[in-house]
Amino acid sequence: MIERTLFSSEHLVGFLEEKDPIKIQELLTSAYKVKVDNIGSKVYLRGLIELSNICTKNCYYCGIRHANSNVLRYELSEEQVLGAAMFAWKSNYGSLVLQAGERTGTNYIKKVTKLVKKIKELSNGELGITLSLGEQSKEVFQEWFDAGAHRYLLRIETSNPNLYSKIHPNNKDHSWERRLQALINLKEVGYQTGTGVMIGLPYQTSQDLANDLLFMKEFGIHMVGMGPYLKHSETPLGQLVIGNQQLAGGNQSLEISLKMVALLRLLMPKINIAATTAMQVIDPEGRDKAVLAGANIIMPNMTISEVRKNYQIYENKPGIKDDAAISKSKLEANLSKNGIEIGWSQWGDSKAFE
Ligand code: SAH
Ligand code: SF4
């Protein structure tokens, strides 16, 4: 069993660079045990609705960045979103996530407020709502919180401001400090606050990843979604041929992602950690492996099949032709094959928040 008190920055780097399969397995197994001891063995589901791929930002890694003119832009109608929410509720999902590119126009803000209220109404307040709609003002975070959203996901992407500046344009809309301030604001408003990083980025070192883990611990985050960086050929970063680019999307980046999940579980036994879809891109069982390394949240895609192909933040996104029902049955089959139990109709809130 791995001693939890041993997690200095040096130890974390040591684990991240560990090559011995037996030692790696020991790490993953220890993390799974810590999860079961602290928060139980169930996974909780958040049905994912990709509300819109319209985005005003230009993150260098992301396929739906504003400057990618090959993307057919869409925004789901109120009816489409409420239809998906109804599916989630009837499927006993417990919670859903509304995710989209980043936008700040008033009409859009009001539309989200209305959607949150209507989802609460249609489910008799039973569906938990997580938002992942990028950086907003504190007032907007408050408005959506008051409407009924209670969790928010905003990845810091990397805890290293210098690395952040290499993977984003350098202007006020892509500022590491502003993103950090948004996370602080979310916590102050009262959200269960989630963040995360991409793993295997060009220029990223093991020390950066160890610092990411310590950043999340120090910030006292309630939930985390992190996963491998995957190349998108229509992006500046996807076209770059330097450094550890061969990592992007390879088996090695899945292994490091699993180690990151396990180390974070050992550092923060009670938080919610997502087994992210990006892990499933590298390995069809990637999400299940993450659950067995300490993750306890899965976000099955519920976006209607007509628009799924247009929400490709990275390439080779799985299940692009599937609809919500197919995604659901594939997920259940996989989880039950691996003996993983689902917490149906439960919010599965972060125990770190209580
Ligand atoms: N626009 C919002 C939410 C949608 S993007 C936001 O940026 O917060 C959600 C996440 O997708 C981002 O935080 C980023 O970590 C991830 N992402 C984007 N491009 C990616 C890529 N090429 N590989 C892996 N993850 C990516
Ligand atoms: Fe927009 Fe989010 Fe993609 Fe950045 S990561 S370009 S904010 S959708």
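Where is S52 found? S52 sits in strand β1, which covers residues 44–52. Keep in mind that this is a predicted model, where local features need pLDDT of at least 70, side-chain atom pairs count only at pLDDT 80 or more, and totals for chains, interfaces and linings use all residues. Residues are numbered from 1 along each chain as its sequence is written, chains are lettered from A and ligands numbered from 1 in the order in which they are written, and side-chain values use heavy atoms, with hydrogens and water left out. Helices (H or I, at least four residues) and strands (E, at least two) are DSSP runs, numbered from the N terminus.

**Ligand 1**

- There are 18 residues around ligand 1, and A100, R155, E157, R179 and L230 come nearest. A residue counts as near a molecule if one of its heavy atoms lies within 4 Å of it.
- Polar contacts are pairs of N or O atoms within 3.5 Å; within protein, one must be able to donate a hydrogen and the other to accept it, and residues adjacent in sequence count only if both atoms are side-chain atoms.
- A100 uses its backbone: an N or O atom there is 3.0 Å from a nitrogen atom of ligand 1.
- L230 also brings a backbone N or O atom, 2.6 Å from a nitrogen atom of ligand 1.
- With E157 it's the side chain, where an N or O atom lies 2.6 Å from an oxygen atom of ligand 1.
- On its own ligand 1 would expose 540 Å², and the protein buries 92% of that. Accessible areas come from the Shrake-Rupley method with a 1.4 Å probe, and for residues only the protein chains shown count as cover.
- Sorted by class, the shell around ligand 1 holds 10 nonpolar, 4 polar and 4 charged residues. Here Ala, Val, Leu, Ile, Met, Phe, Trp, Tyr, Cys and Pro count as nonpolar, Asp, Glu, Lys and Arg as charged, and the others, Gly among them, as polar.

**Ligand 2**

- Around ligand 2 you'll find C55, K57, C59, Y61, C62, I64, R65 and G101.
- That shell splits into 5 nonpolar, 1 polar and 2 charged residues.

- Buried means under 20% relative accessible area, exposed over 50%, and partly exposed in between (1.4 Å probe, protein chains only).
- In a regular strand, side chains alternate between the two faces of the sheet.
- Strand β4 (residues 151–153) runs parallel to β5, and 3 bridges join them. Two strands pair if DSSP finds at least two bridges between them.
- Opposite G194 in β5 stands L153.
- Strand β7 (residues 223–228) is also parallel to β5, joined to it by 2 bridges.
- T195 has V224 of β7 as its bridge partner.

- S52 is buried, at a relative accessible area of 0%.
- A polar atom of the S52 side chain lies 3.0 Å from the backbone nitrogen of I54.

**Two residues with positive phi**

- Most residues other than glycine have a negative phi, and most peptide bonds are trans.
- N124 isn't a glycine, yet its phi is positive, at about 50°. N124 lies in the loop between α4 (106–122) and β3 (128–132), and counts as exposed at 59% relative accessibility.
- S345 isn't a glycine either, and has a positive phi of about 55°. You'll find S345 in the segment after α13 (324–337), where it is partly exposed at 48% relative accessibility.

**Distances across the model (C-alpha to C-alpha)**

- G220, in the loop between α8 (206–219) and β7, is partly exposed with a relative accessible area of 25%. G220 and V112 are 108 residues apart in sequence and 27 Å apart in space.
- K351 belongs to the segment after α13 and is partly exposed, at 38% relative accessible area. K351 and S9 are 342 residues apart in sequence and 25 Å apart in space.
- V71 is in the loop between β1 and α3 (78–90), and is buried at 16% relative accessible area. V71 and G190 are 119 residues apart in sequence and 35 Å apart in space.
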